[in-house]
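Subject: Structure handover

Hello,

Here is the structure I promised to pass on. Please open it beside this email and follow along.

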Amino acid sequence: SVTRQAVGLIGSIAICFGAAGLGSLATAASVGDWYQALAKPSWTPPSWLFGPVWTALYFLMAVAAWLVWRREGMHQARIPLGWFGVQLALNVGWSVIFFGMRMPGLAFGEILVLWLAIVVATSAFWRRSTVAAMLLAPYLAWTSFAVLLNYAIWRMNA
């Protein structure tokens, strides 16, 4: 039904933006002082860009997960949605480690695992919905860039 589909989409958005909120709690404590004081490469994006980019990415992730759920239901899609949940938890974990714990080296190791989980989730989504997998592509691209940025910041501040 249309109501079930709408509730599913709203739920997917709530889950993704709930994860975003958790990550932002960890980020807020350090982004204004500690992060600003770090040595960063010249190709670091301006601070104002991160909010709009992450808002768009979380929305695309929510729609992607909803498309997979809508097509197959929770039981049939439990493996791809499970991988989606794993990468979402790792996404929050990265913010906690990098900003909350202020440990760029450990965060680098964690973001490599996150990147792999995104690849697995995207691959699992691809088998169910190419559109859903394509909606995760910008997230994978941004995270690939974040891997390089995290590494550079870690090495420049070690």
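By about how many helical turns are W94 and F98 separated in helix α4? About one, because the two residues are 4 apart in that helix. Helices here are DSSP runs of H or I with at least four residues, numbered from the N terminus. The general rule is that an α-helix has 3.6 residues a turn, so residues three or four places apart point the same way.

Before going on, two notes on the source. This is a predicted model, so local features need pLDDT of at least 70 and side-chain atom pairs count only at pLDDT 80 or more, while totals for chains, interfaces and linings use all residues. Residues are numbered from 1 along each chain as its sequence is written, and side-chain values use heavy atoms, with hydrogens and water left out.

**Aromatic rings**

Rings of Phe, Tyr and Trp (its six-membered ring) pair if their centres lie within 6.5 Å. Planes under 30 degrees apart count as stacked, over 60 as edge-to-face, and the rest as tilted. The whole structure holds 17 aromatic pairs. One of them joins W43 and F145. That pair is edge-to-face, with 5.6 Å from centre to centre and 70° between the planes. W43 counts as partly exposed because its relative accessibility is 40%. F145 is also partly exposed, at 26%. The cut-offs are these: buried is under 20% relative accessible area, exposed is over 50%, and partly exposed is in between (1.4 Å probe, protein chains only).

Now back to W94 and F98. Their ring centres are 4.8 Å apart and their planes are at 20°, so this pair is stacked. Both residues are buried. Ring pairs also link W34, Y35, W94, F98 and F99 into a cluster.

Two charges sit over rings (NZ of Lys or CZ of Arg within 6 Å of the ring centre and within 35 degrees of the ring normal). K40 lies over the face of Y35, at 4.5 Å from the ring centre. The charged end of R155 is over the ring of W154, 4.7 Å from its centre.

**The core**

A nonpolar core is a set of buried Ala, Val, Leu, Ile, Met, Phe, Trp, Tyr and Cys residues joined through side-chain atoms within 4.5 Å. The largest one here has 46 residues. M61, F84, F98 and F125 have the most contacts inside it. Each of α1, α2, α3, α4, α5 and α6 supplies at least two residues. α3 gives the most, with 12.

Take F125. Leaving out residues up to four places away in sequence, F125 touches A64, A65, V68, P80, L81, F84, A132, A133 and L136. Contact means heavy atoms within 4.5 Å.

F125 is also among the buried residues of α5, including F108, I111, L114 and I118. Helix α5 covers residues 104-126, which is 23 residues. Its first and last C-alpha atoms are 32 Å apart, close to the 33 Å expected at 1.5 Å a residue. That expected span is 1.5 Å times one less than the number of residues. Among the elements covering the buried residues of α5 are α3 (47-76) and α6 (130-156).

Where is Y139? Its place is in helix α6. Y139 is buried, because its relative accessible area is 1%. Its side chain makes a polar contact of 2.9 Å with the side chain of N91. A polar contact is a pair of N or O atoms within 3.5 Å; within protein, one must be able to donate a hydrogen and the other to accept it, and residues adjacent in sequence count only if both atoms are side-chain atoms. Beyond four places in sequence, Y139 touches W54, L57, M61, Q87, N91, L114 and I118.

S30 is in helix α1. At 1% relative accessibility, S30 is buried. A polar contact of 2.8 Å joins its side chain to that of R102.

Is G32 buried or exposed? G32 is exposed, because its relative accessibility is 58%. G32 lies in the loop between α1 and α2.

Best wishes
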